[in-house]
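Please take a moment to look over the sequence and the 3D structure shown below, and then follow the explanation that comes after it, turning back to the structure as each part is named.

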Amino acid sequence: MLADPVRRRIVELLGGGERPAGEIAQALHVEFGISQPATSRHLRLLRESGVAVCTNHGAQRRYHLDRATLDVVATWLQDVRSFWHQRLDALDTELFRGRPANAVDELIEEDIS
Amino acid sequence: MTTDSEGDIDAENRSVRFVRHYALGREDLWQAFTDPQRLARWLGAVTGDMREHGRYGLDFGDGETTSGRITTCREPDQLTATWESPGEGTTQVDVHRSDTGTDTRVVLTHASLRPEDLPGYAAGWHTHLDHLDTDLNGHRASGWSERYNELLPRNTSHGPGVPATGQGSWAKDAPSLPPPTT
């Protein structure tokens with residue numbers, strides 16, 4: 001979903017707050033040269049995937065980001081980072097243990113001095 | 001044998017034009033361009049009256065509906081309509097069908113576009129016509145934006161991934177994450 005640069009840009013735009021669909025289309029037209037129907041398709045995908053929410057204000061349609069979906073993404077990223085931190089710490093330990101004995105001694109001496 | 005066009009942009013007439021050939025009968029082809037159920041499979045959700053002088057709506061997904069009036073409806077050869085997308089003014093779409101003797105030829109022209117809209121509409125119609133081919137081959141068309149991004153010209157100041165104004169930068173603007181809990 002967010003592999004697409006246009007959809008990432010929409011998320012960035014909505015990160016600044018709720019915006020009318022027309023304003024989003026205008027911004028994307030200026031920045032990417034895409035037509036209103038193309039913007040319409042991107043907004044649909046973001047809405048269907050739960051990233052963005054659309055509300056009707058009379059004739060105007062306004063979009064905002066779905067906080068719950070963003071929280072899910074943020075939690076996922078945090079979990080991934082946590083996983084790799086633990087694995088990389090384990091790698092450090094393993095590399096330390098795997099050193100020749102004299103190299104470990106030198107390292108300890110370095111730490112002491 | 002005539003080759004299908006990849007879409008010609010006519011800057012002077014502010015139009016994009018496609019010539020495609022189909023191994024379909026005239027009625028079948030006419031249905032593909034006028035029947036809402038068929039149109040939904042390769043273009044968008046059509047509502048309203050597709051007869052001459054009727055007003056139609058065309059939703060590409062988010063409800064910001066393109067609309068217009070059918071100005072000419074000569075079954076099974078010609079369909080002309082105004083095309084009004086929000087913020088883009090009134091433009092004209094013309095679909096002209098003819099028999100070549102071996103297949104059916106369709107010339108699709110979208111005219112009176114704003115100059116800055118020409119590349120986007122050329123890529124858009126190209127993508128939609130490719131989806132029509134996919135549908136006619138009995139497959140479900142998908143991946144609209146990927147194909148559209150491929151076709152949008154890179155030799156202009158525009159193009160996905162290279163915002164013209166340079167405002168968008170995912171990496172730069174990515175939200176900062178809380179520190180890892182190791």
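**Aromatic pairs and other features**

Over all chains of this predicted model, the count of aromatic pairs comes to 6. One of them is formed by B:Trp83 and B:Tyr121, whose ring centres are 6.2 Å apart and whose planes stand at 80° to each other, an arrangement described as edge-to-face. Because B:Trp83 lies in strand E6 of chain B and B:Tyr121 in helix H3 of chain B, the pair ties together parts that are 38 residues apart in sequence. B:Trp83 has a relative accessible area of 6%, which means that B:Trp83 is buried, and B:Tyr121 is likewise buried, with a value of 4%.

In another pair, the rings of B:Trp144 and B:Tyr148 have their centres 4.7 Å apart and their planes at 20°, so this pair is stacked. These two residues, B:Trp144 and B:Tyr148, are 4 residues apart in helix H4 (residues 144-151) of chain B, and so about one helical turn separates them. To see what this spacing implies, recall that an α-helix has 3.6 residues a turn, so residues three or four places apart point the same way. B:Trp144 counts as buried at 7% relative accessibility, and B:Tyr148 counts as buried at 0%. Ring pairs also link B:Phe60, B:Trp83, B:Tyr121 and B:Trp125 into a cluster.

We can now turn to the backbone of chain B. A cis peptide bond, with omega at about 0°, joins B:Glu75 and B:Pro76, and B:Pro76 is placed in the loop between strand E5 (66-74) and strand E6 (78-84) of chain B. B:His53, although it is not a glycine, has a positive phi of about 75°; B:His53 is found in the loop between strand E3 (45-48) and strand E4 (55-59) of chain B, and at 54% relative accessibility B:His53 counts as exposed. B:Ser112 is another residue other than glycine with a positive phi, in this case near 65°. The loop that holds B:Ser112 runs between strand E8 (104-111) and helix H3 (118-136) of chain B, and B:Ser112 counts as partly exposed, at 28% relative accessibility.

Is B:Ser15 buried or exposed? With a relative accessible area of 7%, B:Ser15 is buried, and its place is in strand E2 (residues 15-22) of chain B. Leaving aside neighbours within four places in sequence, B:Ser15 is in contact with several residues, among them B:Asp8, B:Thr109, B:His110 and B:Leu118.

How far can chain B be trusted as a prediction? The mean pLDDT of chain B is 84, and 82% of its residues reach 70 or more, whereas over residues 155-182 of chain B pLDDT stays under 50.

Chain A, finally, has 5 helices and 3 strands, and from the N terminus on its elements run α-β-α-α-β-β-α-α. Of the 113 residues in chain A, 35% are buried, and chain A exposes about 6,500 Å², of which carbon and sulfur atoms supply 55%. Helix H3 (residues 36-48) of chain A has 13 residues and reaches 18 Å from its first C-alpha to its last, close to the 18 Å expected at 1.5 Å a residue. The buried residues of this helix include A:Gln36, A:Ala38, A:Leu43 and A:Leu46, and the helix is followed by A:Gly50, whose phi is positive, near 85°.

Methods: Residues are numbered from 1 along each chain as its sequence is written. Chains are lettered from A and ligands numbered from 1 in the order in which they are written. This is a predicted model: local features need pLDDT of at least 70, side-chain atom pairs count only at pLDDT 80 or more; totals for chains, interfaces and linings use all residues. Side-chain values use heavy atoms; hydrogens and water are left out. Buried means under 20% relative accessible area, exposed over 50%, partly exposed in between (1.4 Å probe, protein chains only). Accessible areas come from the Shrake-Rupley method with a 1.4 Å probe; for residues, only the protein chains shown count as cover. Contact means heavy atoms within 4.5 Å. pLDDT is the predictor's confidence in each residue, from 0 to 100. The expected span of a helix is 1.5 Å times one less than its number of residues. Rings of Phe, Tyr and Trp (its six-membered ring) pair if their centres lie within 6.5 Å; planes under 30 degrees apart count as stacked, over 60 as edge-to-face and the rest as tilted.
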